[in-house]
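Visitor: I would like to learn how to read packing in a structure. Could you walk me through one?

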Amino acid sequence: MAHLFAKTRLLESKIDEYLDHTSEVGLLFLEAIKDYLNGNHEEFESRRQHVTDLERHGDELRREVERQLYAETLIPESRGDVLGILEHTDGVINTAKMTLMRLSVERPEIPSNLTRGYVELADYGCRAAQELVMGIRAFFRGAPLVTDFVHKVGFWEKEADKIAERLRRDIFASDLDLSRKMHLGDFVMRIGTLSDEAEEVSDRLAISAIKRSI
Amino acid sequence: MILFYLTSAVFLGWSLGANHAANEFGTAVATRMVKFRTAATICAVFVVLGAVLSGAGTSATLGTLGAVNALGGSFMVALAAGLSVFWMTKVGLPVSVSQAVVGGIIGWNLFTGSQTDVSSLIAIVSTWIVCPVLAGGIAALLFAGTRRYLAGHEVHILERDVTVRAGFLVMGAFGAYALGANNVANVVGMFVPAVPAGSTRLFGLVPFSSAQGLFLVGGVAIALGVATYSRRVMMTVGKELFKLSPVTGLIVVAAQAAVLFLFASEPLRDWLVTHNLPPIPLVPVSSSQAVIGAVVGIALAKGGRNIRYGVLARITGAWAATPLIAGAVSFFGLFFLQNVFTLTVSRPIPYEITRPAFERVVSQGVPADKLEALAGARFRNAREFKAALRDTPGLAPADVRLTLAAAELRRYEIDPAKIVRLDLELLTPRQIEAIRSLAWTSYDHTWQLRDALVRESSQWAFLPETRRNYIHNRDLETRLRYLEAAFRVNGAEASPE
């Protein structure tokens, strides 16, 4: 029996590692934003590099998992769903990476009265990503909690939307130049995209969980 | 000539494989858990193993077709059954091969004027209802249990996948083995008496009889059917009637196996009886009908939506059509074989109320005065004799039945040379002693031989029909039939004065 599951366990560990990366990217994203807003640029760059490395390794893991699922014709009835979930989860990681990269390149100057809002926005995105990862783990393990996690992802996405709207209103109501307003507003949108991406995956997850029931 | 006759058996085997493989691997292939090529390979290998290793029981080797008493008739019955099953396979519908064979035999009975065992007809019709209902019930219970188990236990999607896949392979292999073991006798069983006895050693090690060689041919024919033409029926079972998930697909296979084991397993029943437990009633079951019942059972347990009733109607229609088509093809085919190709399709079994038969039925309460007019007259077959009995006023249906049974002419000669060739392992020493003491005697009726055996040894007597005696009586009947087949003199039924 142990031999029967040996290969499967290896694949399971790869999926777990990929989800660990996703979770870690979410946490690093939040810490990197805080570092940036606090002016700790060295720390920020170090975390950004870490996220980039995790994204690259995550891509390799995901491709390996996808290849194995296809090559060994595993889980034929849920393969499409699983591949869709993994690929869209990659979107969450990519969003985090790209947002940090643009921060690093464009270096927007964020007024101190807005930093709290940016941190909250990044925090909700991070929470949504964490709940998403737990939901995906529950999906793979057949746990009945998938819908709870999906619900929580949706909750944090809505909270993030509220913060994003408030931030943009504050930005555009300020005396800043329009170009700067546009620049700051763009970053609000980019940071908010993290929770949007998480919600998109969680929507797929909800459907897949229904399909997974026997 | 035997080789020519064997072609229809090979065709029947091929049709059987093409149709019945779906019962073992249909859900696995349709849910894409097992590749068709893998399924066909495993199924083919285990069918051949089952056919060669377990198909050749000494007494039961004649199979259902053993009722047909000329090879020409067996050829046509097998061809008719094979054709009807082939047609159903072509349109992707799972049907029962043994029911097609019984249909073909009924066609032969009608053509030759032989009696048709009404119980076999009732068995077929009841199987259409009882078997799917039992399988559906078991499948629904298994489904509910599995769902509850999975709700309480976290099983990784990949581990579940591996487990279900392994389950499909193991159960499919067992099912294929049983398919070969249980059905090969229906395919080539009637040729066993026609091949020269003898055995050789395979690779100088394993003893291999000529009968096993014949079963190998049958097994290979079934395996070829599996490999070349079984995909369509598999898709009907696993996908078209109701879209199954892999887990429910495995439940279907398990429910089918459970029905066959619980309701058709004589060893299980024997075990229960010998341990003073109430036996599970043996009902006629068919794996094809069990599988469909199980699929519908699961579909209903899931709320009854998404069942394609049109497909279900086509399948149940095919169940009824298969024996009918086989019967009709057999009847008309026999006509051609006999009248166009002048082949012998049956050995006539005449009827005559001989003196001993007359005394027997009168002692059983049939009014002597009513029978006297018929006594001594020879009738060509059961149909003519039955008609004459019915035309005789004052005979009750029970009288007709008793007289039919007593007046059937079958010649038996207890040839000492044949006694030597009997399979001694099947009989007790006292039973063999009884046969030896009857050497050089002859009989014109089956019941005379049976009575003579009882006179020589009480071990040849049936016991009162109680639950405990069931196994004894069933085994005795098997031995008696074996003995009768061994000492019957074909073509010499018309000997009495």
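This is a predicted model: local features need pLDDT of at least 70, side-chain atom pairs count only at pLDDT 80 or more; totals for chains, interfaces and linings use all residues.

Visitor: Which are the buried residues of helix H19 of chain B?

Guide: Helix H19 covers residues 446-456 of chain B, and its buried residues are Thr446(B), Trp447(B), Gln448(B), Leu449(B), Arg450(B), Ala452(B) and Leu453(B).

Visitor: How do I read two helices packed together?

Guide: Two packed helices are described by the angle between their axes and the distance between the axes. Take helix H6 (residues 157-188) and H9(B), both in chain B: they pack at an angle of about 30 degrees, with axes 10 Å apart. Because angles under 35 degrees count as roughly parallel, H6(B) is roughly parallel to H9(B). The crossing of H6(B) past H9(B) is left-handed.

Visitor: Which residues of H6(B) and H9(B) meet?

Guide: From H6(B) come Arg160(B), Val164(B), Gly167(B), Phe168(B) and Met171(B); from H9(B) come Pro246(B), Val247(B), Gly249(B), Leu250(B), Val253(B), Ala254(B) and Ala257(B). Sorted by class, this contact has nine nonpolar residues, two polar and one charged.

Visitor: At what angle do H9(B) and helix H11 of chain B pack?

Guide: Helix H9 (residues 246-264) and helix H11 (residues 287-301) of chain B pack at about 135 degrees, and their axes lie 9 Å apart. That angle makes H9(B) oblique to H11(B). H9(B) passes H11(B) in a right-handed crossing. On the H9(B) side the contact is made by Thr248(B), Ile251(B), Val252(B), Ala255(B), Gln256(B), Val259(B) and Leu260(B), and on the H11(B) side by Ser287(B), Ala290(B), Val291(B), Ala294(B), Val295(B) and Ile298(B). The classes here are ten nonpolar, three polar and no charged residues.

Visitor: Let us turn to single residues. Is Phe139(A) buried or exposed?

Guide: Phe139(A), in helix H4 (residues 112-141) of chain A, has a relative accessible area of 2%, so Phe139(A) is buried. Apart from neighbours within four places in sequence, Phe139(A) is in contact with Val82(A), Ile85(A), Val146(A), Leu205(A), Ser208(A), Ala209(A), Arg212(A) and Ile157(B).

Visitor: What does the side chain of Thr95(A) reach?

Guide: It reaches the backbone oxygen of Gly91(A) at 2.7 Å. Thr95(A) sits in helix H3 (residues 79-106) of chain A and is buried, with a relative accessible area of 11%. Its contacts, leaving aside neighbours within four places in sequence, are Arg190(A), Thr193(A), Leu194(A) and Glu197(A).

Visitor: Where is Thr342(B) found?

Guide: In the loop between helix H12 (309-339) and strand S3 (351-352) of chain B. Phi of Thr342(B) is near 45 degrees, a positive value in a residue other than glycine. Thr342(B) is exposed, with a relative accessible area of 63%.

Methods:
Residues are numbered from 1 along each chain as its sequence is written. Chains are lettered from A and ligands numbered from 1 in the order in which they are written. Side-chain values use heavy atoms; hydrogens and water are left out. Helices (H or I, at least four residues) and strands (E, at least two) are DSSP runs, numbered from the N terminus. Buried means under 20% relative accessible area, exposed over 50%, partly exposed in between (1.4 Å probe, protein chains only). A polar contact is a pair of N or O atoms within 3.5 Å; within protein, one must be able to donate a hydrogen and the other to accept it, and residues adjacent in sequence count only if both atoms are side-chain atoms. Contact means heavy atoms within 4.5 Å. Axes are lines fitted to C-alpha atoms, for helices over the stretch in contact, and angles run from 0 to 180 degrees between N-to-C directions. Angles under 35 degrees count as roughly parallel, over 145 as roughly antiparallel, 65 to 115 as roughly perpendicular and the rest as oblique. A crossing is left-handed if the near helix is turned anticlockwise from the far one by less than a right angle, and right-handed if clockwise. Ala, Val, Leu, Ile, Met, Phe, Trp, Tyr, Cys and Pro count as nonpolar, Asp, Glu, Lys and Arg as charged, and the others, Gly among them, as polar.
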